[in-house]
Amino acid sequence: YAADLVRVNPKTAVYYFHRLREIIAYAVFSGEIEVDESYFGARGKIIVFGLLKRQGKVYTEIVPNASRKTLQDIIRGRVDMETVIHSDGWRGYNGLVDLGYKKHFRVHHGKNEFARGRAHINGIESFWGYAKTRLSKYRGINKNAFYFHLKESEFRFNYRHENIYQILLEIFRNKPLN
């Protein structure tokens, strides 16, 4: 459809969309954040870890597993130590305060607890729903292309209240597609 709209070969359109997704893919978080992992795909699920700054942006990363080491390595690399972290009860988040993070609040979905005052992960859960709805229209995405589609969903979510057209024009001025 995009190829027809701008009158280019479909392969050219695919190339430019790929380049666009590469350009918009990277954040250090502070303040109050939510962390969570989610699974994408019907078979051979892809595990994605996400960080969401409350009233701010989301960052996602494809991970090989949802182990404590994997998740905490990402948190240590992307989250300031003064940050208040909100998570669910997954054991991968055990020990964040011991690592030096200011505070860690949990909700326990397994006990039907989804919010307790300010302790919730509704923001990152909202992103998961947004991304899965957006990506489902493709009826399957090649695993090699999934990362950039995920990053595009992240970009669209992060700038959903802004003029994406103007933001993209500025990006293209600084990093042309060709």
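Colleague: What makes Asp-73 and Lys-69 about one helical turn apart?

Modeller: In this predicted model, Asp-73 and Lys-69 are both in helix H3 (residues 68–78) with a spacing of four residues, so about one helical turn separates them.

Colleague: Why is the contact between Asp-73 and Lys-69 called a salt bridge?

Modeller: The closest N and O atoms of Asp-73 and Lys-69 are 2.7 Å apart. The cut-off is within 4 Å, so the pair qualifies.

Colleague: Why is Lys-69 called exposed, and why is Asp-73 called partly exposed?

Modeller: Lys-69 has 59% relative accessibility, and exposed means over 50%. Asp-73 has a relative accessible area of 33%, which falls between the limits of 20% and 50%, so the term is partly exposed.

Colleague: How do you know that Glu-34 and Arg-54 form a salt bridge?

Modeller: Their side chains meet at 2.7 Å, N to O, and the limit is 4 Å.

Colleague: What makes this pair a tie between separate parts of the sequence?

Modeller: Glu-34 belongs to strand S1 (residues 32–40), whereas Arg-54 sits in the loop between strand S2 (46–53) and strand S3 (58–63), so the parts tied together are 20 residues apart in sequence.

Colleague: Why are Glu-34 and Arg-54 called buried?

Modeller: Buried means under 20% relative accessible area. Glu-34 is at 2% and Arg-54 at 11%, so both residues carry the label.

Methods: Residues are numbered from 1 along each chain as its sequence is written. This is a predicted model: local features need pLDDT of at least 70, side-chain atom pairs count only at pLDDT 80 or more; totals for chains, interfaces and linings use all residues. Side-chain values use heavy atoms; hydrogens and water are left out. Helices (H or I, at least four residues) and strands (E, at least two) are DSSP runs, numbered from the N terminus. Buried means under 20% relative accessible area, exposed over 50%, partly exposed in between (1.4 Å probe, protein chains only).
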